[in-house]
Amino acid sequence: MKIRFFFLCEVLSLALPILGFAAPLNTPPASSGVSLSHQQWKSVLSEFEVSVFSLSQWLEKSQIEKKKIQQNISDLEEKLASLRKEDPDGSNVINEIRIKGVLDELKEKLEKNSGLQHQWDDKQKEFEQKALSLTALYNDRIEMELENTETNQGVGQIDGKLTDLTVLIKKRTQVQTLLKEYTKKGDSEKLLSVASLKSFKTNDRESLQLTLDLFRDRKKDLEEQLEKWSLETEEAKNELKLQGKMQDFLEDIRHINEDSDFPQGGLKRHDLEGIVGKTQKNKLEAKLLELQNKISRGQVTLVQITQLMLRAESQMNSLNERKRK
């Protein structure tokens, strides 16, 4: 969660100028508190997609160009070694002229390769930052879509949400694959690029399988979290009960003390509050309410994930039926 929050703060810091917001100077990310509308969010998402696509194309072309230059350097080095082998003592003037020409060409290629490498490093860092931010945007949007549930959703609404989620999941997977490729410093045999982040199939087996995998993982995580919250709720309830019994017990002692013939300098109400911990009780009650709200929201989200899984599985089954026919 901390990593995800960090990247979302980075996304906002980059997105604010795009949307016309003035980014506050020397302000910690956690205090930005900027809320984006749906249209603004789409604008930010589109901006990052265009940027990641453009950078990936540049990296792909530059990778190919680097390979060509490096091959030229290798060929020139071999040619230079061959010329020096032919005339080891340097007595052949013509050969020396050829060597000088090869050295000049080799120097030019080395300088070009060095300059391209510096550009590559800068672009690669920019690409990595924006691709990570874009992934964070996809993750946040997926979580929001899963948690944003309307009551009595029809099949059409569920299918519409399933389509939206499938597109987001497939885009995220493609950017993650690309990110993994370009964070490697070595050259790869097969270069990957973002062909397009505008249109994706959502009803093919690969897309549906990706979506189902995410739903299963999210369902498992949520079920584990709900179990943890339930245990914490029981602990909070038990502690509140214990504090209540302690308070009753001490109240009884106070009443006994007041009814007795002993001097009335004993337990007072503020003494009781100090012993049972009124502040702690308030904290426990607030924590209990928060846990109950989390459980309630989590259960609603779990129902929606289950519905989406059933629709995705139904579409997968329909594709399998068509294939058999």
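Guide: Buried means under 20% relative accessible area, exposed means over 50%, and partly exposed is what lies in between. The model shown above is predicted.

Visitor: Is Q307 buried, exposed or partly exposed?
Guide: Q307 lies in helix α7. Its relative accessible area is 28%. That value falls between the 20% and 50% cut-offs, so Q307 is partly exposed.

Visitor: Is Q304 buried or exposed?
Guide: Q304 is also a residue of helix α7. Its relative accessibility is 2%. Since the limit for this class is under 20%, Q304 counts as buried.

Visitor: With which side chain does the side chain of Q304 make a polar contact?
Guide: A polar contact needs a pair of N or O atoms within 3.5 Å. For the side chain of Q304, the contact is at 3.0 Å, and the partner is the side chain of K161.

Visitor: What percentage of the residues of the protein chain count as buried?
Guide: The protein chain has 325 residues. A residue joins the buried group if its relative accessible area is under 20%. The share that does is 33%.

Visitor: How many residues has the largest nonpolar core?
Guide: Nonpolar side chains in soluble globular proteins tend to be buried together. In this model, the residues with the most contacts inside the largest core are F127, L134, I142, L146, L165, F215 and L308. The elements that give two or more residues to this core are α2 (38-86), α3 (93-147), α4 (155-182), α5 (205-259) and α7 (278-324). The number of residues in the largest nonpolar core is 40.

Visitor: Which residues does the second, separate core include?
Guide: This second core is separate and has nine residues. Among them are I73, L76, L83 and V102.

Visitor: Are α2 and α3 roughly parallel or roughly antiparallel?
Guide: Two packed helices are described by the angle and the distance between their axes. The axes of α2 and α3 come within 6 Å and cross at roughly 160°. An angle over 145 degrees is the cut-off that applies here, so α2 and α3 are roughly antiparallel.

Visitor: How many charged residues are in the contact of α2 with α3?
Guide: The crossing of these two helices, α2 and α3, is left-handed. The residues of their contact include 25 nonpolar and 13 polar ones. The number of charged residues is 16.

Visitor: How are α3 and α4 arranged, roughly parallel or roughly antiparallel?
Guide: The axes of α3 and α4 come within 9 Å and cross at roughly 155°. Because angles over 145 degrees fall in one class, α3 and α4 are roughly antiparallel.

Visitor: How many nonpolar residues are in the contact of α3 with α4?
Guide: The crossing of α3 and α4 is left-handed. Their contact holds four polar and six charged residues. The number of nonpolar residues is 15.

Visitor: How far apart in space are K123 and S56, C-alpha to C-alpha?
Guide: K123 is in helix α3 and is partly exposed, with a relative accessible area of 29%. In sequence, K123 and S56 are 67 residues apart. In space, C-alpha to C-alpha, the distance is 9.1 Å.

Visitor: What separates the C-alpha atoms of D121 and L59?
Guide: D121 lies in helix α3 and counts as partly exposed, at 27% relative accessibility. D121 and L59 are 62 residues apart along the chain. Their C-alpha atoms are separated by 9.7 Å.

Terms used
Residues numbered from 1 in each chain as written. Predicted model: local features only at pLDDT ≥ 70, side-chain atom pairs only at ≥ 80, totals over all residues. Heavy atoms only, no water. Core = buried A, V, L, I, M, F, W, Y, C linked by side-chain atoms within 4.5 Å. Buried < 20%, exposed > 50% of the residue type's maximum accessible area, 1.4 Å probe, protein only. Helix = DSSP H or I, 4+ residues; strand = E, 2+ residues; numbered from the N terminus. Axes fitted to C-alpha atoms, helices over the stretch in contact; angles between N-to-C directions. Parallel < 35°, antiparallel > 145°, perpendicular 65-115°, else oblique. Left-handed = near helix turned anticlockwise from the far one by under 90°. Nonpolar A, V, L, I, M, F, W, Y, C, P; charged D, E, K, R; others polar. Polar contact = N/O pair within 3.5 Å; in protein donor to acceptor, adjacent residues only side chain to side chain.
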